[in-house]
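Okay, everyone, thanks for coming. Let me put the structure up, and then we'll walk through it together.

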Amino acid sequence: MKNIINLMIKSVLVCMLMICAIAQATEQNGGVSLSRTRVVFLSTDSGQSIAINNHGQRTYLIKSTVTHTPEGQESAPFIVTPPLFRLEANSRNILRILPQNTQGLPNDRESVFYLSTFMVPASQKPDASTAESMSARVSVGLQNIIKLFYRPTELSMTPEQAEKALLFTQLGNQVQVKNPTPYYQTFAQLTLDGTLVNVRDSVSMIAPFSQVSYPVKGVVHQAQWSVINDYGGSSPAYQAVVQKGGGV
């Protein structure tokens with residue numbers, strides 16, 4: 001019970017850090033932010049809307065796309081409208097995400113895509129009396145990327161049931177985490193026998209029906225974790241016994 005309480009306290013701290021990170025990212029992005037940190041697109045949805053807010057004093061040219069990978073250019077089966085627009089200072093606009101040929105996506109598990117919003121600050125009009133008016137000007141773009149999960153509506157379990165269904169097995173000097181669910185599971189926090197695992201620098205998201213492994217020292221007995229929920233917050237804290245496999 002004490003371990004669960006400690007993990008719950010740590011989960012709250014993680015949520016606070018996430019909020020601070022979002023605020024810091026907003027400041028670094030010149031005051032431009034999205035209203036959500038992730039999008040869950042149900043197979044029955046005709047579209048999803050997300051607000052983009054400009055809290056700063058500059059005007060931006062906004063370009064938005066959905067891609068298969070964070071850094072990729074390959075278009076996903078979604079379009080964003082408007083794909084390109086001008087966002088004035090201290091204003092907001094609504095991005096509308098629409099499905100395109102999603103019939104080929106798996107119906108027994110989630111699929112993940114990435115909503116990329118590229119922001120180029122508008123150049124200030126140069127003084128005609130200066131040499132700057134005769135030279136080329138370059139604006140440095142900023143980019144905001146969030147995950148978009150496409151979710152079939154008839155999956156075998158609920159997201160809440162999936163959160164606590166992870167399986168842990170020690171194989172030699174590694175602990176394998178298996179995700180037997182149809183949902184992507186992203187750790188908000190993971191500890192093994194009370195030792196915090198730095199999932200951000202390794203792998204934090206586990207695809208449906210797959211597994212990842214984390215290096216450990218010695219024999220591990222218990223895992224404690226929380227995952228990021230549909231709203232970008234942290235789930236309740238869960239715990240499980242680490243099963244022993246070969247080499248332990």
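Let's start with strand β12, residues 185-192: eight of its eight residues are buried, so the rest of the structure largely encloses this strand. By "buried" I mean under 20% relative accessible area, with exposed being over 50% and partly exposed in between, using a 1.4 Å probe and protein chains only. And strands here are DSSP runs of E, at least two residues long, numbered from the N terminus.

Quick word on where this comes from: it's a predicted model, so local features need pLDDT of at least 70, side-chain atom pairs count only at pLDDT 80 or more, and totals for chains, interfaces and linings use all residues. Residues are numbered from 1 along each chain as its sequence is written, and side-chain values use heavy atoms, with hydrogens and water left out.

So, which strands does β12 pair with? Two strands count as paired if DSSP finds at least two bridges between them. With β16, residues 222-227, β12 pairs antiparallel over five bridges, and there L192 has A223 as its bridge partner. With β14, residues 205-206, the pairing is again antiparallel, over two bridges, and T186 partners M205. Then there's β13, residues 195-196, joined to β12 antiparallel by two bridges; here L192 sits opposite T195. The β12–β13 hairpin has two residues between its strands, and D193 takes a positive phi near 55°.

Now for the rings. How many aromatic pairs does the structure hold? Seven. The rule is that rings of Phe, Tyr and Trp (its six-membered ring) have centres within 6.5 Å; planes under 30 degrees apart are stacked, over 60 edge-to-face, and the rest tilted. One of the pairs is F41 with F78, edge-to-face, at 5.1 Å centre to centre and 65° between the planes. F41 is in β2 (residues 38-42) and F78 in β5 (residues 78-81), so to speak distant parts of the chain, 37 residues apart. Both of these Phe residues, F41 and F78, are buried. Ring pairs also tie F41, F78, F113 and Y150 into a cluster.

Last stop, the cores. A nonpolar core is a set of buried Ala, Val, Leu, Ile, Met, Phe, Trp, Tyr and Cys residues joined through side-chain atoms within 4.5 Å. The largest one has 23 residues, and I50, I52, V66, F78, I97, F113 and L148 touch the most other members. Apart from that core lies another, of 20 residues, including F168, V199, Y214 and V220.

Note on methods: Helix = DSSP H or I, 4+ residues; strand = E, 2+ residues; numbered from the N terminus.
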